[in-house]
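Please examine the sequence and the structure shown below before reading on.

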Amino acid sequence: MSDTLTHSERIEAGLTKRYRAEKRFRLYGIAAIAVAMAFLVIMLAAIGIRGIGAFQQTEVALTVVFDETHIKDNNWQAIVKESMRKKFPEVTSRSDKRLLTQLMSSGAGFNLQNMYRADPSLVGETRTVWLTASDDVDMLMKGAIDRASPQSERRVSDKEIVWIDSLIADGALELKFNTHFFTGGDSREPELAGIFGAFMGSIFSLAVCFLLSFPLGVMTAIYLEEFAPKNRWTDVIEVNINNLAAVPSIVFGLLGLAVFLNFFMLPRSAPLVGGMVLALMTLPTIIIASRAALRAVPPSIREAAWGMGASSVQTVLHHVLPLAMPGMLTGTIIGMAQALGESAPLLMIGMVAFIVDIPGSFTDPATALPVQIFLWADSPERAFTERTAAAIIVLLVFLVTMNLIAVVLRKKFERRW
Amino acid sequence: MELAIHTDVSANARVNAQGLNSKPHKVTAEGVNVFYGNKQALNQVNLDIPSNMVTALIGPSGCGKSTFLRCLNRMNDVVDGCRVEGEICLDGENIYARGVDVVHLRARVGMVFQKPNPFPKSIYDNVAYGPRIHGLAKSRTDMDEIVMTSLEKAGLLDEVRDRLDAPGTGLSGGQQQRLCIARAIAVEPEVILMDEPCSALDPIATAKIEELIDELKENYTIIMVTHSMQQAARVSQKTAFFHLGELVEQGDTTDIFTKPVDERTKAYVTGRIG
């Protein structure tokens, strides 16, 4: 039977099969992309839905009297207490009064203190101020605490719900934009916890990391690729650099602990050391990417420059480096993105501490965004859940912004040449 | 007796030739051996290259003609494991001697490559690059002057006059090659090396380059490697035939093509090998 088929018929019979295989292969590819996209969308949506709540914060409008004695005692919370009691004169029992004050955040007094600092003439005055409510009230407002569940199973009692509802009815309790989250440092109270401290810690660390790893990495790559003789020593160096890229990041943390902290006595928990450790981790990535970028520059450009009588340094600086720069920047972006998301090495050098103050310099104690996420995810309060997700959003936005800047820079370099 | 007279005559001829040119040989190579690692690429090459002429280096692929060309401006220095023995003199000075500055040498011996390789910069900057790194232009006007004359000499000026800021890589292949020639002559070299300058070009662009080479020999000593025997016959005055790393025969182009002495040369120029 098959013997009767001509040559061309046999090819034709095979063709449909080949086309089917090709179609199938393409479908696999599309399916893989679809699955990946679905996971990405699900992840982003989950984070977004969970985190979006943290950008709002329940606040209560209170009529406060800037009482002179309390100001002298520096007892700002007492002012909050008094105004709450004035608002609910019917509350008399001691335990109820305590419950009532617990509606407000323990940080509400700080708001008043800041107002007074900005304007000392407030003494004796009466003002209506929006003050931060406690995290339990906040959670109730955002629906994280179920009103329908039995009282014993929720953190807000029926009494408190009645007070809250009366405040809402008065228009004195609202969800407002949570500026404190973006300007404050960490806190044990979720409603007072902000991301700015960790954000600054990350910025300082990354700045140190970039300033160390980019010039070192690029110079290493240029020397190895353009100047170094190819011998056993450079082979050894190359193998070691490739191995370093595969070393788990926590090992770099241990190295930082042993060398930077214990031997050089650099300050603990400082972004300076954090950046140095991250630079160690990022260096191999940058070196490998930069070498690949240099290797991708056509040799004809080098020959043209040498043929014109350019020295090796001139050849590299005038011709090779500008052409390799976009590739080097890509490698640096990947390295910096890794560094931004890295927490393990920072744990080892003490950047995992609970730090309330916003770091103002490279040697101030600080933490970093991924470490902050880890810390908050570990906290028991319900309100920290949304803050964790919100911190992840901030981290992702930071990452995307960084990449965008790098892409713009790269485009600019490419256009110049 | 016969023999003695013969040598006498050839010696006289050489003196006469030099007398006629009233210039000594621009480049002289003596006993040149080149090794890439353990492999010998050139074996005992002796070649004299006269001034203001086009010398063509011909031979089958892998015969060492490009290697020899690249020895003349020490482009082989950057090749790992490449070793050059013997003596190559430019105006009587050994360019492989200790203390010879490669940068200076390459400013005197320019090079045009097989594949047009303009820098990814503007046409102006391409030509200005050499004078700029060697500090040849004192002012902006000087530089403009150099760039314009170089482009003019390379026969490219009329085609690019109104787009000097356009990238050099945007030109056609033939224009790119002429841009590379303009770039090479912008530093006023004494010798221009051309490594198969037309192999990537179509016949029309090739004709233009050949015409240009013919004009350039007024001012420069040109040494070119070519695979095309017609091209060698058209543009060169002297021809050297390389085979398997050896210089087989050298002489006036017409002699090489019409009455080659060596059997291998005869076979190559008549198209039987190569």
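## A hairpin in chain B

In chain B, β9(B) and β10(B) form a hairpin with 2 residues between them. In the turn, B:Leu244 has a positive phi of about 50°. Strand β9 (residues 238–243) and strand β10 (residues 246–252) of chain B run antiparallel and are joined by 6 bridges. B:Phe241 stands opposite B:Glu249 in β10(B).

Strands (E, at least two residues) and helices (H or I, at least four) are DSSP runs, numbered from the N terminus. Two strands pair if DSSP finds at least two bridges between them.

## Basis of the model

This is a predicted model, in which local features need pLDDT of at least 70 and side-chain atom pairs count only at pLDDT 80 or more, while totals for chains, interfaces and linings use all residues. Residues are numbered from 1 along each chain as its sequence is written, and chains are lettered from A and ligands numbered from 1 in the order in which they are written.

## Where chain B meets chain A

In chain B, 20 residues are in contact with 15 residues of chain A (contact means that C-beta atoms, placed from the backbone, lie within 7 Å). On the side of chain B that touches chain A, two or more residues come from each of α3 (102–108), β6 (109–112) and α4 (123–134) of chain B. The largest share, 4 residues, comes from α4(B).

By class, this side of chain B has 11 nonpolar, 5 polar and 4 charged residues. Ala, Val, Leu, Ile, Met, Phe, Trp, Tyr, Cys and Pro count as nonpolar, Asp, Glu, Lys and Arg as charged, and the others, Gly among them, as polar.

Notes: Two residues are in contact if their C-beta atoms, placed from the backbone, lie within 7 Å.
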